[in-house]
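Have a look at the picture, then read on.

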Amino acid sequence: VSQMQVTEYNDIKVYNLSAGKTVPQFIEEATKKKQSLRENEDFKKRIDLIQDFEFNVASSRVRVTPDGQYIVAAGIYGPEIRIFEMRELGVKCSRGLDSEVVDFLMLSEDWKKMVLLMDDRTLEFHSQYGRHHRMRVPKCGRSLCYDSESCTLFVGGSAPEVYRLDLEAGSFLTPLALKRLTEVNEVAVNPRIPVISCCGDNGIVESYDLRDTSRPLQTLKVFDSDGAGAYSGSQQVTRGAYSSNGMFFAAGTSEGVVRVYDVRSSRPLAERDHMNGYEIRSLCFHSRGAESSEILVASADKKSVKVWGATTGTIAASVESASTINHVTFFPNSGMFFTANDTQRIGAFFVPSLGLAPPWCSFLDSITEELEESKQKTVFEDFQFVTKDQLEQLGASELVGTKNLQPYMHGFFMDHRLHAKLKAALDPFAFEDYRKAKVKEKLEAKRTMRTKIRNKDKVEVNPSLHNQLQLAADEGDETGASKKRRETAEKAKRLLDDDRFKVLFADPDFAIQANGANASDSAAAAKSLLPKTKKRKG
């Protein structure tokens with residue numbers, strides 16, 4: 001069986017295909033130890049999905065060509081772009097660049113026509129033979145999008161306008177002047193209708209009709225007190241994306257929250273909070289397969305990637321990364337996605353529940369079937385669940401976003417040892433109280449001649465429940481009591497006389513809180529026996 005790092009989250013297995021050592025690392029280790037790689041079991045079981053699927057330092061962007069035959073990635077150092085051919089599972093070619101890549105797009109079905117946005121305010125157009133043309137934009141760019149119907153390229157950046165280039169005529173068009181935005185973080189074009197959306201500051205998204213750009217078509221308030229969260233003045237919409245059918249729009253914020261909208265409504269259909277406090281860095285839509293109608297959203301901050309339902313918000317997969325995530329992209333109609341990270345290797349993950357493996361690595365399906373019965377790593381083992389309110393009580397709110405807290409549902413998972421330390425620091429006399437209680441228990445156990453608590457005696461633990469049970473037992477002895485009341489009285493008497501439930505009225509550990517939290521199963525069972533008394537007339 002091949003060796004892969006496997007994690008399981010809510011019974012969903014995620015296979016990390018980029019974990020482990022690289023071939024150069026294996027060779028270096030074998031040279032130091034003077035051992036042959038033929039005897040290294042880890043080397044034999046390794047999975048090298050794509051040869052040299054890495055950069056010298058880090059990668060910033062990774063995309064799949066529309067025809068699904070190539071993967072193009074940009075990274076450092078020095079700045080370069082690499083093209084990987086899926087048919088050969090290796091590098092087809094690489095090109096050195098003059099500066100780092102901020103964003104890039106494919107202008108054709110394959111890699112032979114692409115445009116690169118550089119961090120020195122330049123646009124580079126590349127063809128099969130290399131760089132075709134280079135030009136500058138007035139302000140630093142942050143995002144690119146391309147409208148294939150009008151052959152127009154849009155560049156958004158640190159300016160209150162979006163620059164437009166007519167690639168058919170080879171000239172600049174009049175910039176798209178924004179009304180309420182002072183800068184643009186992301187530009188997205190609807191694939192079905194001629195609409196462009198600009199995400200930026202002030203917590204809004206401005207959309208324009210490409211046939212009439214004189215005024216905004218719609219202004220979406222992502223931070224809205226009527227249901228999407230209050231706007232405090234510092235939040236930004238960092239990422240935006242349209243679904244392939246053009247009916248859904250997703251917006252990611254600087255607070256780590258992603259909201260999905262129907263293009264016909266301003267109210268969000270679903271919402272997902274990453275619970276890390278980091279801004280959303282990448283956002284895209286995905287489908288489980290060509291025959292599946294379910295639409296998923298893949299959102300990533302610098303620490304994690306979450307895949308969830310676009311209309312339900314139900315989590316479908318989650319991946320935590322040890323290094324900073326810069327970009328995420330799915331291979332179409334499959335369960336595989338790639339991440340650009342601040343580490344040498346480009347991340348490659350396979351989730352069988354999201355779809356089959358791509359045709360060029362169909363062997364992954366058989367490998368994962370072999371690993372299906374083996375014991376895998378549990379993500380949240382020996383962890384303590386805490387909510388945001390409990391974190392504030394422990395004085396650990398600053399741990400949000402660190403490796404000490406794992407976001408889960410409406411709270412976080414914390415290592416139980418850290419939780420014990422924080423709790424001990426919050427209440428330094430808790431152990432002393434615990435020790436005194438234990439000493440008292442041992443002394444009470446030695447006093448065997450002490451009179452036991454009778455049903456009618458006053459009790460200190462759960463007196464209200466004891467009184468209700470005693471009242472139910474006495475009402476059954478009244479003259480003219482109904483059959484149902486007599487049956488309830490018999491049950492209450494048996495419960496009071498049963499030695500198994502004596503501790504319910506004697507041990508403080510079984511005390512029922514006022515709000516019903518942490519009540520024991522015995523108390524819940526006892527309450528279920530109480531009759532529903534009716535008020536007597538007169």
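## The big picture

Of the 538 residues in the protein, 46% are buried, where buried means under 20% relative accessible area, exposed means over 50%, and partly exposed is in between (1.4 Å probe, protein chains only). Keep in mind that this is a predicted model: local features need pLDDT of at least 70 and side-chain atom pairs count only at pLDDT 80 or more, while totals for chains, interfaces and linings use all residues. Residues are numbered from 1 along each chain as its sequence is written, and side-chain values use heavy atoms, with hydrogens and water left out.

The protein has nine helices and 33 strands; these are DSSP runs, numbered from the N terminus, with helices (H or I) of at least four residues and strands (E) of at least two. Its accessible surface is about 29700 Å², and carbon and sulfur atoms hold 48% of that (Shrake-Rupley method, 1.4 Å probe; for residues, only the protein chains shown count as cover).

## The cores

A nonpolar core is a set of buried Ala, Val, Leu, Ile, Met, Phe, Trp, Tyr and Cys residues joined through side-chain atoms within 4.5 Å. The largest one has 24 residues, and Leu-49, Ile-71, Met-336, Phe-338 and Trp-360 touch the most other members. Strands S3 (58–64), S4 (70–76), S28 (336–341) and S29 (347–350) each supply at least two residues of this core, with S28 giving the largest share, three residues.

Take Phe-338: leaving aside neighbours within four places in sequence, its contacts (heavy atoms within 4.5 Å) include Phe-53, Ile-71, His-327, Gly-347 and Trp-360. There is also a second, separate core of 18 residues, with Leu-296, Val-319, Phe-349 and Val-351 among them.

## A strand covered on both sides

In a regular strand the side chains alternate between the two faces of the sheet. Strand S32 (residues 405–408) is covered on both: Leu-405 and Pro-407 are buried on one side, Gln-406 and Tyr-408 on the other.

S32 pairs with strand S33 (residues 411–415) in the antiparallel sense over four bridges; two strands pair if DSSP finds at least two bridges between them. Pro-407 has Phe-412 in S33 as its bridge partner.

Helix H7 (residues 463–475) has 13 residues and spans 18 Å from first C-alpha to last, close to the 18 Å expected at 1.5 Å a residue; the expected span is 1.5 Å times one less than the number of residues. Its buried residues include Leu-465, Leu-469, Ala-472 and Ala-473.
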